[in-house]
Amino acid sequence: MNSILSQLNQILEQKYILIEEEDKAPYLTDWRKRYTGKALAVVLPRTTQEVAKIVQLCAANQIALVPQGGNTGFCGGATPDDSGEQIVLNLKRMNTIREIDVANQTITLEAGCILQTVQEKAAEQDFLFPLSLGAEGSCMIGGNLATNAGGTNVLRYGNTRDLCLGLEVVTAKGEIWNGLKGLRKDNTGYDLRDLFIGSEGTLGIITAAVMKLYPLPISQWTTLVATDSIASTIALLNLFQKRATSLLTGFEMMTQESLALNEKHFPRMANPLKGNPPYTVLIELSDHESEAHVRQLLETILEEAFGAGLMTDAVIANNLAQAKTFWHMREHITLAQAEEGANLKHDITIPLSALESFIQETDALIKAQYPGIRIINFGHLGDGNLHYNIAPPLDADHQAFNAAHEKPIYELIYSQVERCHGSISAEHGVGQLKLEGLRAHKGPVAHDIMKALKTALDPQNILNPHKVVSI
Ligand code: FAD
Ligand code: 2HG
Ligand code: ZN
């Protein structure tokens, strides 16, 4: 092993090869503190060539590599196992924005760029980079691509996959594939870019990307709306889709229980809507015409929704600062859950037409089996994506409850998802958390194709082994 470390030292300066326990520690535990691993070293390359050389060295010595970006993932994908033999390859030093091509409306950037920095750099040139999620101050574009992250703008701009035009990837052999073309059309055979996006570091290491940019909207209006059922919330969504069409950029749902938890841990995040409505919906419209146009449109749709009995109350943000507090309220649910203690996270998608029956039946099954259990349900309703999270009963020891019941609870929810033709992961990915769930619910043919791809691209199983699929 010492010989590996000295060979690494021929590629990277010693200060970029972390081997002391206290130096490695921040890279070995995931954001939720659910997984902690060990590593032979944590390496911090600066260039694509350095990444390629590190992979070549690991391939020659059959050493597994765990790619890592901002380490904000929810499925343990960026955490090494506990053998102490794997190397964590963190891309944070690869953070150069290589080019903003104004005419092509694209940005070419390295994997270690922090998402918020990318948004800011795009805005400086009057562009919108639409990917947006609660972890944007820490997560990195390579991690976003590797997990095909979703977030709050998906219903208008799509997932990270839809924003990507080209990739640069280091393969499991240590070769560099340069696919950094900013093309909106390319039908030359298999789509290699799509293969690596969402592969969670198991097929290649993403070192750079070409991403789409959009014109910055002139005006955005944000409102919180109270509804009393999932059925009326979906009808409200359909109304907004019909009347606002592409101006609708956000449609997020929060249940009474989610916001009560927020208020418990962050009293400043109290719901401005009076009377604790069963559902609070955050709706955002973005316009390229004028402030007056979008405000008028929002008020007209709200009036129609009110008249049709789809909503009971609404509060429109008066200014940008208030709009931000609405979004903070939505984003704080994750933090409130973390404060409350260990919980079971889900990021499922269900066709909107089956969402109401899914919630009613699954709520009833879980509550009957686990009295006192708390269902913290919120999410990107516009995408049919629920964070159907489960918190142990108030009086239970959270760790003990989860240890005893998490397997059957996961299985109950996954079976319900399968019955409704949904997906067990809409946006957070599989990592190590859902490895078994994916094997059981992806379908045998699809699972075999995934294993065949993994075997073909990484025959030595050195790229993030035992994440997503095991071969
Ligand atoms: P990491 O956690 O470092 O890695 C994630 C996975 O990608 C691992 O499997 C890792 O091996 C692999 N990987 C990382 N970089 C590379 C690379 N360059 N090449 C190949 N593989 C790589 N996710 C959503 O989808 N939507 C949300 O709304 C959302 N909100 C969040 C809010 C909070 C508060 C937090 C903490 C997380 C949230 N997430 C959300 C989850 C997480 O932020 C995303 O999954 C994000 O895309 C991960 O990026 P990262 O750089 O932190 O990746
Ligand atoms: C969000 O939508 C994230 O805010 C996190 O995907 C969801 O905390 C969660 O489960
Ligand atoms: Zn989410």
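First, the ground rules. Residues are numbered from 1 along each chain as its sequence is written, chains are lettered from A and ligands numbered from 1 in the order in which they are written, and side-chain values use heavy atoms, leaving out hydrogens and water. Since the model is predicted, local features need pLDDT of at least 70 and side-chain atom pairs count only at pLDDT 80 or more, while totals for chains, interfaces and linings use all residues.

Let's start with the metal. Which residues coordinate the zinc ion, ligand 3? They are His380 through NE2, His387 through NE2 and Glu427 through OE, at 1.8 to 2.1 Å. Donors here are N, O and S atoms within 2.8 Å of the metal, or 3.2 Å for Na, K and Ca; water is not among the atoms, so sites may look incomplete. In sequence, the spacing of the donor residues is H-x6-H-x39-E. Histidine 387 sits in strand β18, residues 385-391, and glutamate 427 in the loop between α14 (398-419) and α15 (435-441), so this pair ties together parts 40 residues apart in sequence. Helices (H or I, at least four residues) and strands (E, at least two) are DSSP runs, numbered from the N terminus. Are histidine 387 and glutamate 427 buried or exposed? Both are buried, meaning under 20% relative accessible area, with exposed over 50% and partly exposed in between (1.4 Å probe, protein chains only).

Next, ligand 2. Around means a heavy atom within 4 Å. Now the polar contacts, pairs of N or O atoms within 3.5 Å; within protein, one must be able to donate a hydrogen and the other to accept it, and residues adjacent in sequence count only if both atoms are side-chain atoms. Oxygen atoms of ligand 2 lie 2.7 Å from a polar side-chain atom of arginine 330, 2.6 Å from a side-chain N or O atom of lysine 345, and 2.9 Å from a polar side-chain atom of glutamate 427. The protein covers 89% of the 300 Å² of accessible area that ligand 2 has on its own. Those areas come from the Shrake-Rupley method with a 1.4 Å probe; for residues, only the protein chains shown count as cover.

On to ligand 1. It has 35 residues around it, and Pro67, Gly69, Gly70, Thr72 and Gly73 come nearest. Oxygen atoms of ligand 1 lie 2.9 Å from a polar side-chain atom of asparagine 144 and 2.9 Å from a backbone N or O atom of glycine 150. Here the protein covers 96% of 970 Å². Which element gives the most to the shell around ligand 1? That is α5, with five residues.

Now helix α4, residues 115-124. Its buried residues are Leu115, Val118, Gln119 and Ala122. They span an arc of only 100° around the axis, which puts them on the same side of α4. That arc is taken from the directions from the helix axis to the C-beta atoms. Their cover includes β6 (106-110), β7 (127-128) and α5 (141-147).

Last, serine 199. It lies in the loop between α8 (192-196) and β10. Serine 199 is buried, at 8% relative accessible area. Leaving out residues up to four places away in sequence, serine 199 touches Ala146 and Val468, where contact means heavy atoms within 4.5 Å.
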